[in-house]
Amino acid sequence: MSSPSALLALSPLDGRYAAKLDPLRPLLSEFGLMHRRVQVEVEWFIALSDLGLPEFAPLSPAARATLQALVAGFSEADAQAIKDIERTTNHDVKAVEYWIKRTFAGNRELEAAGEFVHFACTSEDINNTSHGLMLKAARQDVLLPALDGLVAQLTTMAQQLATVPMLSRTHGQTASPTTVGKEIANVVARLQTARARIAGVQLLAKMNGAVGNYNAHLSAYPDVDWEAFSRGVIEQKLGLTFNPYTIQIEPHDYMAELFDAVTRANTILIDWSRDVWGYISLGYFKQRLKEGEIGSSTMPHKVNPIDFENAEGNLGLANALLTHLSQKLPISRWQRDLTDSTVLRNMGVALGYALLAWDSLARGLGKLEINKAALVEDLDAAWEVLAEPIQTVMRRYALPNPYERLKELTRGKAITRESILEFIATLELPEAEKARLLAMTPASYTGIAAELAGRIR
């Protein structure tokens, strides 16, 4: 049963669905932000000690180990201690600086170098790099593995169902047949492209001071190549991509690109969720039953496609938030305002809804069973779809008015196998072509659908 705190949560991500979001929580929560801030401050501090500054000798191995332990062992208690300091400072980044300095107590080497913590940094030097690290970990450790799992699941389905014929529908009307696997392969191909876009976004960062020009850095040490030093910390120590041109904040264009890429993947999955919902409604798929589950409070026969409905709803929420983030974040009044900081606190919410939706989709797909009887019945009731190949062959052999004759035969009429065969028999075609058309059925008229589905990887 849910704990009282879960029952009182304003967001279902921290209430009803809290357990499903556990992988993201330490990465994109306020705890995650504090953790990365400590990491950035420590890496900057250690790198400064190696810069050859006359007032800051290289740190000893013991001092380095102490600092690295702050990052590796960062705990909720540490985060709470920072939060307690923030109650006095009313400044979250300054609270991190003060907390780090407090940990130096009793260590003469670190205490002596204490003023080089946060040296020449503006808060955004710490924040933008922290956000980059948060997104890097979330993408690498949670989002891409989850999306890859979904793609793998769909790929397996596409291959397994590659040869199962299915009646297509365009505009909701019967159309040329395909195979179930080919329809799924279409989704896989789209998701693979979307996945590559998500993975390919470079995560940018800057550590260049209050307005992006290294003003404070040069005032203290005018002979240091601060741009090269900053690049080294960002790229070699933190594993992000250096952005040399910024205002006080990193402009967040890469964030917009990343969030747009996730939105594109989500949009593909909304499309797929709706299609599967429709296929279940048509009876093409059955859903495996789970003991004890109830589909309707009053209709015992129902097995509702709730996983796909939940996915669609949560994908929509994710996209609404991600779209706002991508449109708002690159806009800053002059050097900066705090609106970016406000909305960035919702990165985890936006990506959390996406992750929740992907989980729902994976669970829903895992319950599906193909209903071949329904597929066969639908195809057997749609002989009119053979009007397309018949009139196309008629065109090849220059028979008069092929389209118009098939339109007159089929449009708005109930067409049977017999009526199609009778029409073919009247055509002045080579016997081999006529025989090929006479042997054709809706189930066999699938082009290279099976081949396309079978080779998707």
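A salt bridge here is a side-chain nitrogen of Lys or Arg within 4 Å of a carboxyl oxygen of Asp or Glu. Across the interface of domain 1 and domain 2, that rule finds 2 salt bridges. D92 and R345 form a salt bridge, with their closest N and O atoms 2.9 Å apart.

The model is predicted, so local features need pLDDT of at least 70 and side-chain atom pairs count only at pLDDT 80 or more, while totals for chains, interfaces and linings use all residues. Residues are numbered from 1 along each chain as its sequence is written, and side-chain values use heavy atoms, leaving out hydrogens and water.

Now the overall layout. The protein is divided into domain 1 (10-119), domain 2 (124-165 + 173-291 + 299-371) and domain 3 (382-446). These bounds come from an automatic or database domain assignment. Taken over C-alpha atoms, the centres of domain 1 and domain 2 are 27 Å apart. Domain 1 brings 32 residues to the contact, and domain 2 brings 33 residues. Contact means heavy atoms within 4.5 Å.

How much area do domain 1 and domain 2 bury between them? The figure is about 2900 Å², with 77% of it on carbon and sulfur atoms. Buried area is the accessible area (1.4 Å probe) that two parts lose on being put together, summed over both. L28, V40 and W44 supply 23% of the area that domain 1 buries against domain 2, more than any other three residues.

Polar contacts join the two domains as well. There are 6 residue pairs in polar contact between domain 1 and domain 2, both residues at pLDDT 80 or more. A polar contact is a pair of N or O atoms within 3.5 Å; within protein, one must be able to donate a hydrogen and the other to accept it, and residues adjacent in sequence count only if both atoms are side-chain atoms.

Which elements give two or more residues to the side of domain 1 that touches domain 2? They are α2 (25-28), α3 (30-49) and α6 (92-103). Of these, α3 gives the most, with 12 residues. Helices (H or I, at least four residues) are DSSP runs, numbered from the N terminus.

N90 is not a glycine, yet its phi is positive, near 55°. N90 is found in the loop between α5 (76-89) and α6.
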